[in-house]
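Here is a friendly briefing on side-chain contacts, written for someone who likes to know the cut-offs. Have the viewer ready and follow along.

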Amino acid sequence: MSALTSVPQGGNSVLLNQTLVTEFLLLGVTDMQELNPILFAIFLTMYFVNVAGNGAILMIVILDSRLHSPMYFFLGNLACLDVCYSTVTVPKMLENFLSTSKAISFLGCITQLHFFHFLGSTEALLLTVMAFDRFMAICKPLHYPFIMNRQVCIQMAVTIWAIPFLHALLHSIMTSRLNFCGSNHIHHFFCDVKPLLELACGNTELNRWLLNSLTGTIAIGLFFLTFLSYFYIITHLFLKTRSCSMLHKALSTCASHFMVVIIFYAPVLYIYISPASGSSLEEDRIIAVMYTVVTPALNPLIYTLRNKEVRGAFNRKIRKQL
């Protein structure tokens, strides 16, 4: 919905060729309406796997005292984060699959944008901290208990959640100050900066700079630090570790972590690092499904299938219930 605005001038009211947008229409994942029931079933299943799997991991990490270590403390944060991250976009997407009205209010749109960038940036920072934790545990085992103590872990967790909130606030404020004229149809299944800039009238250069340069630099920087941590870990393992069992155990743990990193960063870097003309909004919609729906559902499967301690904690919990 939009309303015409006018400005009084010399006692008369001059009608401007500009509209005040009060709501947007989310066009969804695809323009092929006949696919909506199938996509609804698929995404609902994946959302259930996400919530159930990550919820189970969070519960196990909290209840099992054997998992009260820095690595599993951050894994619990990741599980909680994945549930929240998907919940920002998926419920609204599922609603729109079954609804003829695909409207979202202006405030609702900006709020969704804010929490999407907040939780996405938090996950990028958390994956970097998890890589650093593995680096300290494997490469500096004598210093590890002193450096990664409980107080430091809590301080890291607070920082991980606080800094991205401010970063996302910058995007949401800058986007909310834009003027939107003409169409209010968002070619996406959720509100994001990139498709909203396509609808804005006026100068959006600063917004595009913040999105491509600032957010892009942060994403590349965090990915580089994460990759560097795993590179040092692998180098250290092959040069210093003489026990095959210890080498296999360490590589198995790092492999699950690094797999999560690759699945998360590959689509994110493609969308936010590529030039504005480099990818279409249609491509962005498909790729966004990967890191908003698929990745959060895969994370619990990766950690439970590849992590012996988590599998053991699950088995112990199940045996107690039987």
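At 26% relative accessibility, Phe258 counts as partly exposed, where buried means under 20% relative accessible area, exposed over 50%, and partly exposed in between (1.4 Å probe, protein chains only). This is a predicted model, in which local features need pLDDT of at least 70 and side-chain atom pairs count only at pLDDT 80 or more, while totals for chains, interfaces and linings use all residues. Residues are numbered from 1 along each chain as its sequence is written, and side-chain values use heavy atoms, with hydrogens and water left out.

**Aromatic pairs**

- Rings of Phe, Tyr and Trp (its six-membered ring) pair if their centres lie within 6.5 Å; planes under 30 degrees apart count as stacked, over 60 as edge-to-face and the rest as tilted.
- By this rule the count comes to 20 aromatic pairs.
- One of them joins Phe118 and Trp161 edge-to-face, at 6.1 Å centre to centre and with 65° between the planes.
- Phe118 belongs to helix 3 (residues 106-139) and Trp161 to helix 5 (residues 150-176), so this pair ties together parts that are 43 residues apart in sequence; helices here are DSSP runs (H or I, at least four residues), numbered from the N terminus.
- Phe118 is buried, at 9% relative accessible area, whereas Trp161 is partly exposed at 23%.
- Tyr230 and Phe258 make another edge-to-face pair, with 5.4 Å centre to centre and 70° between the planes.
- Because Tyr230 sits in helix 7 (residues 205-240) and Phe258 in helix 8 (residues 244-273), their contact ties together parts that are 28 residues apart in sequence.
- Tyr230 counts as buried, with 3% relative accessibility.
- Both rings also belong to a cluster linked by ring pairs, made up of Phe223, Phe227, Tyr230, Phe258, Phe264 and Tyr265.

**Salt bridges**

- Side chains of opposite charge can pair when their charged atoms come close.
- The term salt bridge is used here for a side-chain nitrogen of Lys or Arg within 4 Å of a carboxyl oxygen of Asp or Glu.
- A search of the whole structure finds 4 salt bridges.
- Among them is the bridge between Asp133 and Arg134, at 3.0 Å from N to O.
- Asp133 is buried at 1% relative accessibility, and Arg134 is buried at 10%.
- Glu198 and Arg208 form another, their closest N and O atoms being 3.8 Å apart.
- Glu198 lies in helix 6 (residues 193-199) and Arg208 in helix 7, so the pair ties together parts that are 10 residues apart in sequence.
- Glu198 is partly exposed at 45% relative accessibility, and Arg208 is partly exposed at 25%.
- Glu95 and Lys92 also meet in a salt bridge, with the closest N and O atoms 3.7 Å apart.
- Both residues lie in helix 2 (residues 70-98), 3 residues apart, about one turn of the helix.
- Glu95 is partly exposed at 43% relative accessible area, while Lys92 is buried at 17%.

**Nonpolar surface patch**

- Met32, Leu35, Ile38 and Ile42 make a nonpolar surface patch of about 340 Å².
- Patch members have over 30% relative accessible area and no salt bridge, and nonpolar side chains (Val, Leu, Ile, Met, Phe, Trp, Tyr) are joined within 5 Å, like charges within 9 Å.
- The accessible areas come from the Shrake-Rupley method with a 1.4 Å probe, and for residues only the protein chains shown count as cover.
- Ile42 is found in helix 1 (residues 36-63) and is partly exposed, at 41% relative accessibility.

Technical notes: Helix = DSSP H or I, 4+ residues; strand = E, 2+ residues; numbered from the N terminus.
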